[in-house]
There are 2 protein chains.
Amino acid sequence: MANIFIGIDLGGTNIKVGCFDSDLKLLAKISTSTEVEKDAETIIENIAKASEQCVAKSGFSMNNVLAAGLGCPGPARYKEGIIEAATNFPTFRNIPIRQILSERLGGKTIVFENDANVACFGEFVAGAGKGIEDMAFFTLGTGIGSGIINKGKLLTGAGDNAAELGHTIIHFDGRLCNCGQKGCAEAYASASNTAKRATEAIQAGEKSSLKKILDEKGQITCKDVYDHLKAGDELAKKITDETAEVLAILCINALHATEPARIIFAGGMIAAGDILLNRIKDYFNEHIWHLRKETVEICFATLGEDAGIIGAAALAKNQ
Amino acid sequence: MANIFIGIDLGGTNIKVGCFDSDLKLLAKISTSTEVEKDAETIIENIAKASEQCVAKSGFSMNNVLAAGLGCPGPARYKEGIIEAATNFPTFRNIPIRQILSERLGGKTIVFENDANVACFGEFVAGAGKGIEDMAFFTLGTGIGSGIINKGKLLTGAGDNAAELGHTIIHFDGRLCNCGQKGCAEAYASASNTAKRATEAIQAGEKSSLKKILDEKGQITCKDVYDHLKAGDELAKKITDETAEVLAILCINALHATEPARIIFAGGMIAAGDILLNRIKDYFNEHIWHLRKETVEICFATLGEDAGIIGAAALAKNQ
C-alpha cells in the first residue's frame, strides 16, 4: 500500500493542506478559511475536514496516510502539542491541538511545529536551502518569522521556541514591538511595520507620493511603498533603506549566532525583488566585521506559499 | 595502560595546560608565558613544552596521552586546524597550528576549537551547565566570548565560527567595536569596555570617585568600577547599570536565537558578584517579551580559569 503524508499550514486567515507521496511529490492541495474568530473545536474541525478532502482529492484514502505535519504560529508548547496563546488566534488558549486533531483523524501521528520552522524546513528540503546543512530563514509578513537549520536539522531549543530571531533586539530602547519588547527587528522591518513607518512619516508631515494612497484608501501597504520606491519617491527610498538595513543587521546577528552558510528571505515582501535583496546585501557588506571574510549567501526563497505544506509533510515523513 | 588527556588553553598572556584521567579528573596543571610577541614556531614550541612538562608532572608519559584539546581565540578555520589572524596574536597568520603541534607531540590527535567554545564545553561537562542540554555561555573579559550548547553538543556552525554572540549588534549605529562593527554588545559590556566607558565619562567631565584612580594610575579597571559602585559612586552605578542592561539584552537575543535553558556568565567581571547578576536578571525581566513566560536561568560559571583546560580535555576525550 502506498504511503502518503499530509502537510498542514495553519494560518490566521487560511488553512492550507497538501498531500505528498513518499518522495514528497505534491499530489493535491487545498485551501480553506480558518474561521479564526470561532472556537478552537471549530477551527480544528476545519483542519480535519480540509485534510480529509485533500486526501480524497489526491486519489488516496486516509488508510494511506502514514503521518501528518502541522505548522502553527507560536509561541506554543510544541513538544507537548499544546497551543498556549498564539497571538492571532483569540480562542486558542491551552488547546491540546495535536491530540485533538490526531484523535479526529483516526489516531494518525501528527508532528507539530512552529509555522516559520515548518516553512524553513520546506525550503531546506526542497527550495532555496537544498544541498546546504546550515541555514537561517526569515519570512517577512505581518511579523518576521524565522527558522534555523543546524547540521541538517531544525534547531528547536530547550522548549521548542528557538529561532524567534525577528524578536532579537537590534535597536536598544527602540520602537515598541507587538511582543512587548522594544527595538525588535520585527518592529522595523516586517512588511506591516515597513508600511506603518511610511504611514507615520506621512502623518508627521513628510512629503511623499504615498500620501495620495493614504488619503484615498486610508492605509498604505508594503507593496505600495516598494511600488513608489520604484517610481522614485524619496520617502519610500528612506523607509525601504531602513528596512533593508535592519534586515542586514539581522543577517549579521544570525551569522554570529549559528553561522548559517545561507540566509533565505521569504514572505510577501520578497515580491519587491532585487531592489530589496541587493540593498540588504549592500548594507550587510557595509556593517559586517572585518575580522574575517564572510561568505554567507543571502537569497530569496523559491517555494512561495507551498513552503509550509512541503515542510510540514517533510517533518511528518522524517519523524 | 591508563589513558590520559591533555587540555590546552592558549591565551594572549599565558598558556595553561592540564592533564586529566579518563573520568576528566585533573591530574596536574601548569601555566607558562605565551610570549605572544614571538614568532608562531616559538609559541607552538612553548605549548608543546608545557604539555610535556604537565604530563611528566602528572606522573604519566606521553605514551599514555590518547588525545589533546586546544582552545584558541578566533576567528580561525578550526575544522582545518588553521589560525588565520587571531586578533591578539600578531605573528599568527595562516598557521596550521593543529598539524605543527600534533607532529611536535609525536602524532597525537589534537582537537582544535575556539577558546570560548572550549570554556563553554568545560562548564557544560563539569561546571554550571552540568545536567542541562541547551545553554549559552558568555565570558566577560577584554571582549565577550561566547559558546552555545544545543542538544548536548557544541554548536559550531557552517565554518566553525558560530557563537560569536558578543558581536551581535544590539545598538543600531552604536559604539565602534574592535571588530569593525558598530553597536556590538562587546563594545559596551565587556570588562574592558565597561572600564573604558567610565574613563570616557570622567574625561567628559562627569563627577565620580573614580577620577582619583584615573589621575593616580592613569587608567581605570572594571574591578575599580564595581568597587566604587559598592562604595556608592553614582557614575559607577550608571556605567554598571548600562553594562547589566546590555548583558540582559544579550540574554534576550541568545534566548530568541537558540533558546538555552540556562545562560552562564564567566570571566573576570563575575567577581563583582550578585550586584552584577541580580541587575542582569532585573533588566532581563524588564525587557523580555510578554508572549510567554520565560524560564531560562541566568547564573555564573563555577570552574573559574580551569574551564578552558577541562573543556579542551573533554573535547579531546569525546572526539
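Before you start: residues count from 1 along each chain as its sequence is written, while chains are lettered from A and ligands numbered from 1 in the order in which they are written. In this predicted model, local features need pLDDT of at least 70, side-chain atom pairs count only at pLDDT 80 or more, totals for chains, interfaces and linings use all residues, and side-chain values use heavy atoms, with hydrogens and water left out.

**Exercise 1. Work out how chain A is superposed on chain B.**

Step 1. Superpose the copies by least squares on the C-alpha atoms of residues with pLDDT of at least 70 in both.

Step 2. Look for the axis: A:Ile170 is the residue of chain A that comes closest to it, with its C-alpha at 2.1 Å.

Step 3. Now the interface, where contact means heavy atoms within 4.5 Å. The copies meet through the same surface, because 100% of the interface residues of chain A are also interface residues in chain B.

**Exercise 2. Find the strand order of the open sheet with β3 and β5 in chain A, and say what packs on this sheet.**

Step 1. Strands are DSSP runs of E with at least two residues, helices are runs of H or I with at least four, and both are numbered from the N terminus. Two strands pair if DSSP finds at least two bridges between them.

Step 2. The order in chain A is β3-β2-β1-β4-β5, with mixed pairing. β3 (26–33) and β5 (109–114) each have a single partner strand, so one side of each is left without a neighbour in the sheet.

Step 3. Zoom in on β2 (residues 14–21) of chain A: seven bridges join it to β3(A), and the two run antiparallel. A:Cys19, for one, has A:Ala28 as its bridge partner in β3(A).

Step 4. Angles run from 0 to 180 degrees between N-to-C directions, and axes are lines fitted to C-alpha atoms, for helices over the stretch in contact. α10 (residues 307–318) of chain A touches β1, β2, β3, β4 and β5 of chain A, making about 135° with β1(A). α3 (residues 115–126) of chain A lies across β1, β4 and β5 of chain A, at about 100° to β5(A).

**Exercise 3. Describe the largest cavity and the residues that line it.**

Step 1. On a 1 Å grid over the protein atoms alone, a cavity is a set of points where a 1.4 Å probe fits but cannot get out; lining residues have an atom within 4 Å of a point. Points are joined across faces, edges and corners, and a volume is the space filled by probe spheres set on them.

Step 2. Two cavities of 30 Å³ or more turn up, and the largest has a volume of about 50 Å³.

Step 3. Its lining includes A:Leu165, A:Asn253, B:Leu165 and B:Ala254. α8(B) gives the most, with three residues.

Step 4. Sort by class: Ala, Val, Leu, Ile, Met, Phe, Trp, Tyr, Cys and Pro are nonpolar, Asp, Glu, Lys and Arg charged, and the others, Gly among them, polar. That gives five nonpolar, four polar and no charged residues.

Definitions and conventions
On a 1 Å grid over the protein atoms alone, a cavity is a set of points where a 1.4 Å probe fits but cannot get out, and a pocket is an open set with protein on both sides within 12 Å along at least five of seven lines; lining residues have an atom within 4 Å of a point.
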